[in-house]
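Below is a briefing on one structural model, arranged by topic. Please look over the sequence and the coordinates before reading on.

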Amino acid sequence: MSTENIRALIIEDDSSLGEAIQEALNREGIKAYWTPRPEEGLSVFSANKIEFVIVDCLLPQMPGVDFVMKLRELNPGARFKIILVSGIYMDKAFIQESVKKTQALSFLKKPFDLEQILALVKKDEKKEELPARKILYQMFSKEKVTNRDKKKMLESIEEVSGFDLPFVYSLLSETKSSGYLNIYSQDGTVSGLAFANGAIVGVDVEDKQTVLGELLIQSGYVTPEEIQNALKDKTNRRLGQALIQGNLMSPHALDLMMTEQMNIRLSKTVVDSQVKLNFATSEVEEISPSIDSDLLLNYLHDWIASKVSVSWLKSLYMMWAGHIIIPTASLRMDHPALTMSLVQNLDGLVERIRESATLNTLLEVKDYNQTALYKALHFLLTKGLIVFSSKATFSSEGEQLNYLKKIDFEIKGKNPFEMLEYIGVNSMEELNSDKILEEFLPNLGDEPKNKSGELSKLWVQLHFKFKQAVEKSRDGNDRTKFKKETQKNDAEAKIRATKLVEEAKQELQLNQYQKAMDKVAVAQKLSPQFFQSNIYMAWAKLGLMETRKNYKRLKDIEIDLIQVPPDERYDALYPFVMGLYNKAKGDLVNSKKSFDKALALDPGFIVARRELSKLEAQLKAKKQDIFNMDITQAVAGFFKKSK
Amino acid sequence: MGKLDVKMNKEGEKLNIQMSGVIDEDVDFQQYKLVGVQQISLDLNGILSINSCGIREWIKWIGSGVAAQIVFNNCPKVIVDQINMVDGFLPTNAKVISFFVPYYNESLGVEKNVLFRYGSEFKEGSLTPPSAVKDDSGEVMEMDVIESKYFKFIKK
């Protein structure tokens, strides 16, 4: 952190000492104000954001201790640190009493070395070297993360987004934590997770809706009729127990489904709203079912793909756009994370990461789907497989210029609050404007040497625009007005998006795929976090490509499908669209299974029934083909290596 | 046996409650009635942890003692954190009389909890921490909490 934004006030009637301290601090880049008069000191304090007050205990108009008390009285919410100095009062009891009364950081006896004051200011500054959230996401760069590190890390964060939670869960899991993580929402509800040696053994959310029945049917363990019969059980047994005792399923199968239900509950915590966290280490019993680190890998992938919005990720990664991506020791080529769809979708991603890529350079890769790229990197970061270099690096002026142009384009037409949202400021309640600039501006890179070039002009312009946005956003009334307007606009957009998707749904049932796709595209633009729309987008795309296999299109559809949230997958629609997807891939057997699942969940799903009939006819024809073909052809077919 | 140990002792109009252990989903606060007394004094020194289910149970339970004056004694950090973050954890008829503040010596990795008492180290809206806290070897320790967060309840 630079010292540029630290401000200090010196109240010292000895002008030579006052000026000497001021100069010494200024030399270190600290803005220091000196005055011999306490009254003037009070005005300077209220006009500037002072963090350090250096006060002589014996001032002509007022004792230094009284000055500090008055300062606290007049500025009740202000946070600042006191350093007392005196050449007269050397009595131990006085020193103790005045330090206690003023809550001073230190008491320096005159004559003192100026280095002592600098050391005190810098010691404090060191503690806030990096923004808390940046430290959180760099936790995996430490060789060993102790319980204390985790505890202090989570304590230092005032608030996080629900979208930050997969990272927090992963961190606690990877570092083999035991204890309780409590999550406090803005609406006053409290949720919690219990960790036992890194495994999640308990998930407590307010919404305890169960989808166990749907899960069991969809997984093929039981039929809808068996569920109905078990639910009629009058002995007050739970559904799972009733099914096990009726010999309809094994305890192991129930454990699997209970784990899946934990996943769904966890996924409900991954939302776009601010939460507070508290983690207390404690002995927690290791019980079953639980989610261990290996299983969590799948869920993390799922949540990042389907719940975390790409616009939020873009804001988060603003702070690392020009930083080199560093693979950690855990990133082995056989790591299971590398087989997951998000990573697989981006050819050569890991190789590029190993060759010192930055997010900026990866965004330039033509074949990369931008959504998949942000999500894949976030997945790898969440799993502790990559970290970012501590400093932004642009390989050339051209790269820096392209990056600045991109930012300039993306903030066009945005108001000050939208600009702050763009750079990842989610909570406007506790807006520390100076800190925001301090965190964000270094990401634009160093000031270009050639002052007359395009790059320099743009660099200066962007600095000015963001400083102005921060300045304008200080007004509390405007902030409230903007917040209300945003909420209203978001709600309206969501209603319009829902209506469009409803219309698209009707059109899909009538095979009007292009019309439906256009509508879903508009809905997604209106409400980017309306993730349910992805399933309809996938259906429309599959409808349009029915006649021929298209590898690129299929990859695109895969991205749509993995973005369907886990809690949206337990009705008939998801297995139905998966059936279409499998069919498009040529996997007719799994396609049939998917259609069967869809019909098990909703026997009245006409379109699924129609597709199943078509598929069965196709499978039958394929079987007959074998009997009609030449014997050598048929035998060769049996032994042909499957691709 | 539950993970929470509760000892209750009634002295006339005053009910003294001493708690130790874990407050979680297994706790049954229903058995500890808070009615029929004018004062309730809770000693929370032995509380080790509290999870989200425990927090909900606590709010329901402590809210049932609405007719009494409640005081919280010897609150450990886990309890102070909840007081700061959860509305209703410290009801309006309750007051913190003493709580622990963690101190830490980074060079030795030593932790120590220092008791802050009402009227001595804190009172409504103000805090007067001890001028120096030292560990057993005589080294000065630093307060190990984020002051603006940890002492929030004092300013309420």
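How many residues does the contact take from chain A and from chain B? It takes 21 residues from chain A and 18 residues from chain B, where two residues are in contact if their C-beta atoms, placed from the backbone, lie within 7 Å. This is a predicted model, in which local features need pLDDT of at least 70 and side-chain atom pairs count only at pLDDT 80 or more, while totals for chains, interfaces and linings use all residues. Residues are numbered from 1 along each chain as its sequence is written, and chains are lettered from A and ligands numbered from 1 in the order in which they are written.

**Interface, side of chain A**

- At least two residues each of the side of chain A that touches chain B come from helix 4 (92-102), helix 7 (147-156), strand 7 (179-185), strand 8 (190-196) and strand 10 (274-281) of chain A. Helices (H or I, at least four residues) and strands (E, at least two) are DSSP runs, numbered from the N terminus.
- By residue class, the side of chain A that touches chain B has six nonpolar, 10 polar and five charged residues. Here Ala, Val, Leu, Ile, Met, Phe, Trp, Tyr, Cys and Pro count as nonpolar, Asp, Glu, Lys and Arg as charged, and the others, Gly among them, as polar.

**Chain A overall**

- Chain A contains 30 helices and 12 strands.
- Its C-alpha trace spans about 110 × 70 × 45 Å along the principal axes.
- Of the 643 residues in chain A, 37% are buried. A residue is buried if 20 or more other C-beta atoms lie within 10 Å of its own, exposed if 12 or fewer, and partly exposed in between, with C-beta atoms placed from the backbone.
- Of the contacts in chain A between residues at least 6 apart in sequence, 71% join residues at least 24 apart.

- Helix 18 (residues 370-382) of chain A has 13 residues and should span 18 Å at 1.5 Å a residue, which agrees with the 18 Å between its end C-alpha atoms. The expected span is 1.5 Å times one less than the number of residues.
- In helix 18 of chain A, 11 of the 13 residues are buried, among them Lys375(A), His378(A) and Phe379(A).
- Pro224(A) belongs to helix 10 (residues 224-231) of chain A and is partly exposed, with 15 other C-beta atoms within 10 Å.
- Apart from neighbours within four places in sequence, Pro224(A) contacts Ile217(A) and Ala600(A).
- Pro224(A) and Val168(A) are 56 residues apart along the chain, and their C-alpha atoms are separated by 38 Å.

**Chain B overall**

- Chain B has four helices and 11 strands. The radius of gyration of chain B is 16 Å, close to the 15 Å that the globule rule gives for 156 residues, so chain B is as compact as a globular protein of that length. The radius is taken over C-alpha atoms, and the rule is 2.2 Å times the number of residues to the power 0.38.
- The C-alpha atoms of chain B fill a box of roughly 50 × 35 × 30 Å along the principal axes.
- Buried residues account for 29% of the 156 residues of chain B.

**Chain B, five-stranded sheet**

- Five strands of chain B form an open sheet in the order 1-2-3-4-5, with mixed pairing. Two strands pair if DSSP finds at least two bridges between them.
- Strand 1 (4-11) and strand 5 (94-96) of chain B are the edge strands, each pairing on one side only.
- Strand 2 (residues 14-23) and strand 3 (residues 39-50) of chain B run parallel and are joined by nine bridges; Gly21(B) has Ile47(B) in strand 3 as its bridge partner.
- Helix 2 (residues 77-85) of chain B lies across strands 3 and 5 of chain B, at about 110 degrees to strand 3. Axes are lines fitted to C-alpha atoms, for helices over the stretch in contact, and angles run from 0 to 180 degrees between N-to-C directions.

**Chain B, four-stranded sheet**

- An open sheet of four strands in chain B has the order 7-6-11-10 and antiparallel pairing. Strand 7 (110-117) and strand 10 (133-134) of chain B each have a single partner strand, so one side of each is left without a neighbour in the sheet.
- Eight bridges pair strand 6 (residues 98-105) of chain B with strand 7 of chain B, and Pro102(B) is bridged to Asn113(B).
- The hairpin of strands 6 and 7 of chain B has four residues between the strands, and Gly109(B) takes a positive phi near 70 degrees there.
- Strands 6 and 11 of chain B pair over two bridges, with Glu142(B) as the partner of Tyr104(B).
- Two bridges also join strand 10 of chain B to strand 11 (residues 140-143) of chain B, where Lys134(B) stands opposite Val140(B).
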